[in-house]
Amino acid sequence: MTRSAPGPRQSSFSADDVFELLCAASHDGVFDLDLRSGALRWSERHYTQLGLAPSSFVPDHMAVMERVHPDDRDALERKVSAHIAAGTPYATRFRIRHR
């Protein structure tokens, strides 16, 4: 008898549930980018780390890139684009302006 590999498991957690759980469990600033819609959201801690109030800043690609140090923007864009195209993990460091 042969067995096939099990199929993907269906999660009872939504993406919103996972984001909220991650934010609650982490002491880091957390962000989530929906690749289908381009929507970007930040955890409360992420705003705090950058000296911003959630009511004062709406995170979107352009607004975030304006806060990244000009010397780091091109490299960051290349790494993120390569990650999205290939689906491979990446790690990077970049400078971002506080407040």
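Along the sequence, the protein follows the pattern α-β-β-α-α-α. Four helices and two strands are present. Both are DSSP runs numbered from the N terminus, with helices being H or I of at least four residues and strands E of at least two. The model is predicted, so local features need pLDDT of at least 70, side-chain atom pairs count only at pLDDT 80 or more, and totals for chains, interfaces and linings use all residues. Residues are numbered from 1 along each chain as its sequence is written, and side-chain values use heavy atoms, with hydrogens and water left out.

Of the 99 residues of the protein, 20% count as buried. Buried means under 20% relative accessible area, exposed over 50%, and partly exposed in between, with a 1.4 Å probe and protein chains only. The protein exposes about 8,100 Å². Carbon and sulfur atoms supply 55% of that area. Accessible areas come from the Shrake-Rupley method with a 1.4 Å probe; for residues, only the protein chains shown count as cover. Among contacts in the protein with a separation of 6 or more, 27% join residues 24 or more positions apart. Contact means heavy atoms within 4.5 Å.

The largest nonpolar core has eight residues in all: Leu40, Trp42, Tyr47, Leu50, Leu52, Phe57, Ala63 and Val64. Two or more core residues come from each of β2 (40–42) and α3 (61–67). A nonpolar core is a set of buried Ala, Val, Leu, Ile, Met, Phe, Trp, Tyr and Cys residues joined through side-chain atoms within 4.5 Å. In soluble globular proteins, nonpolar side chains tend to be buried together. Core residue Leu50 is in contact with Trp42, Arg67, Ile96, Arg97, His98 and Arg99, leaving aside its neighbours within four places in sequence.

Helix α1 (residues 15–25) contains Cys23. Not counting residues up to four places away in sequence, Cys23 touches Val30 and Ser43. Its C-alpha atom is separated by 8.1 Å from that of Arg45, 22 residues apart along the chain. His46 lies in helix α2 (residues 44–49). His46 is buried, with a relative accessible area of 16%. Between the C-alpha atoms of His46 and His27, 19 residues apart along the chain, the separation is 9.5 Å.

Helix α4 holds Leu76. Leu76 counts as buried at 8% relative accessibility. Beyond its neighbours within four places in sequence, Leu76 is in contact with Met65, Val68, Thr92 and Phe94. Leu76 and Phe94 are 18 residues apart in sequence, and their C-alpha atoms are 7.3 Å apart in space.

The largest pocket has a volume of about 720 Å³. Its lining comprises 24 residues, of which Phe31, Leu33, Leu40, Val80 and Tyr90 lie nearest its centre. Two or more lining residues come from each of β1 (31–33), β2, α3 and α4 (70–86). Helix α4 gives the largest share, six residues. By class, the lining has 15 nonpolar, six polar and three charged residues. On a 1 Å grid over the protein atoms alone, a pocket is an open set of points where a 1.4 Å probe fits, with protein on both sides within 12 Å along at least five of seven lines; lining residues have an atom within 4 Å of a point.

Key
Grid points are joined across faces, edges and corners, and a volume is the space filled by probe spheres set on the points. Ala, Val, Leu, Ile, Met, Phe, Trp, Tyr, Cys and Pro count as nonpolar, Asp, Glu, Lys and Arg as charged, and the others, Gly among them, as polar.
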